[in-house]
Amino acid sequence: NLNIIIFKEASPGYENEPGIILQGHMDMVAVKDADCNKDMVKEPLDLFIENGKIGARGTSLGADDGIMVAYALALLESDTVSHPKLTVIITTEEETGMDGAGGIDLSMVEASKLINLDSEKEGEMIAGCAGGARFTGVLEGSLSKGKGVCFNVTVKGLLGGHSGNLIHLERGNACFLMARLLTEVKNVSPVRLVSFKGGVADNAIPDRCEASFIAGEKDIDAVKEALDYFKQSVSAELETKDKDFDLTVECKENAEELSLDEETTGKFAAYLYTMPNGVIANSMDVPGLVETSLNLGQVKVENGNLEAVYLVRSNIDSAKKALLDRMMVLTKVFGGKGSIRGNYPGWKYKVNSPLRDKMVRIYRDFYGSKPMVCAIHAGLECGILGSKLKDPDCVSIGPDIMDIHSPMERLDIESAKRVWEYLLLVLKEKG
């Protein structure tokens, strides 16, 4: 899995102290604005500093979890920082199903105290997280030539963002909205789907989706009216959640395109519109915590076949299984096939945690206030890695990073500096 494990011996005087694991991931969610032409595989990011924050022009920044890699490299390079024996674990494929953590061999790791540096809110000390799984639904169809008015529609302007940390904000999902659009248009005209594509990752709420469909020539006015109604309705619904929502429409008369037939188009749209999406249940134990959710992250229609990719999350394993079972049943009802991969466990809150107690105490001395100790709905690798360690004691922290998994991602410089200084104090204190 191309994971990296690096050991650094203890500083003089710390040889008998229990070792500490510092952990994070090297991959990022690479998303960009629609008008950005950067090749994010080959080209470096265009960084800038504004109002004390680092960002990247037109793209996501990758501070999730590049900041951990930066912290770790600085610690490994330093010969002045006091610390016990360090084990630095940098995983791959965290953003695409946590396969790196799932495949890592930790048999050579002796330490059991683990500080995960993959959190995005300073002052928040995470001690539990949701488990997750990727569900892919595939429905098959075939293409044939269709004639009529070809409408090219684009749902855009949405905020998107992280499908765990931000799912409770109920932001618009471009792919789900496009399925709704097709369903509404189908009520006023026979429709043949030409193309459908949206989303960049299962754990990012899609901020853009594009589709093309053919409608009857005699129905052009009715379709335009339905699209205008859809735009006005959704704009009003998202006025306070996603105020920049927009719908653009282009149409070409006397078009002839390879497309799905009307029945298959209706089935594809109905499947996407019927499948659950967003918050399913909130926790009754932890106020404000989403317990179970899912995100329709990616949709594409290729060679006549539909592929829809979801990320399911839950802090309760049985609830996660129940939702996955429900999705599998619905997929089969529509004549499709479902598959599940990257099924990883949640990280259960540990009542007795000496590491957490120590970090809370040092935090209060350093900041002059008490941190918020909590569980989150997003996924962290602590659950997977903890299952491979002996009696693990884990805590997750990090600096302020805003709007991760989106081109609006920003890292607060002063926050990153404070968290670095705090981390050094945690490593320095013996016991």
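**Close-up views of a predicted model**

**View 1. Helices α3 and α5 cross with their axes within 8 Å of each other.** In this predicted model, helix α3 covers residues 174-186 and helix α5 covers residues 262-274, and their axes cross at roughly 135°. Angles over 145 degrees would count as roughly antiparallel and 65 to 115 as roughly perpendicular; α3 and α5 are therefore oblique to each other. The crossing of α3 past α5 is left-handed. On the α3 side, the residues that meet α5 are Phe-176, Ala-179, Arg-180, Leu-182, Thr-183 and Lys-186. Their counterparts in α5 are Gly-266, Ala-269, Leu-272 and Tyr-273.

**View 2. Strand β2 is largely enclosed by the rest of the structure, because six of its six residues are buried.** One face carries Ile-20, Leu-22 and Gly-24, and the other carries Ile-21, Gln-23 and His-25. In a regular strand the side chains alternate between the two faces of the sheet. Both faces of β2 are covered.

**View 3. Strand β2 pairs with β5 and β6.** β2 runs parallel to β5, with six bridges joining the two; Gln-23 has Ile-89 of β5 as its bridge partner. β2 also runs parallel to β6 (residues 113-116), to which four bridges join it. Here Leu-22 is partnered by Ile-115 of β6.

**View 4. Helix α1 spans residues 63-77.** Its 15 residues should span 21 Å at 1.5 Å a residue, and the end C-alpha atoms are 20 Å apart, which agrees. The buried residues of α1 include Ile-67, Met-68, Tyr-71 and Leu-75. Among the elements that the buried residues of α1 pack against are β1, β2, β5 and helix α9 (413-428).

Technical notes:
Residues are numbered from 1 along each chain as its sequence is written. This is a predicted model: local features need pLDDT of at least 70, side-chain atom pairs count only at pLDDT 80 or more; totals for chains, interfaces and linings use all residues. Side-chain values use heavy atoms; hydrogens and water are left out. The expected span of a helix is 1.5 Å times one less than its number of residues. Buried means under 20% relative accessible area, exposed over 50%, partly exposed in between (1.4 Å probe, protein chains only). Contact means heavy atoms within 4.5 Å. Two strands pair if DSSP finds at least two bridges between them. Axes are lines fitted to C-alpha atoms, for helices over the stretch in contact, and angles run from 0 to 180 degrees between N-to-C directions. Angles under 35 degrees count as roughly parallel, over 145 as roughly antiparallel, 65 to 115 as roughly perpendicular and the rest as oblique. A crossing is left-handed if the near helix is turned anticlockwise from the far one by less than a right angle, and right-handed if clockwise.
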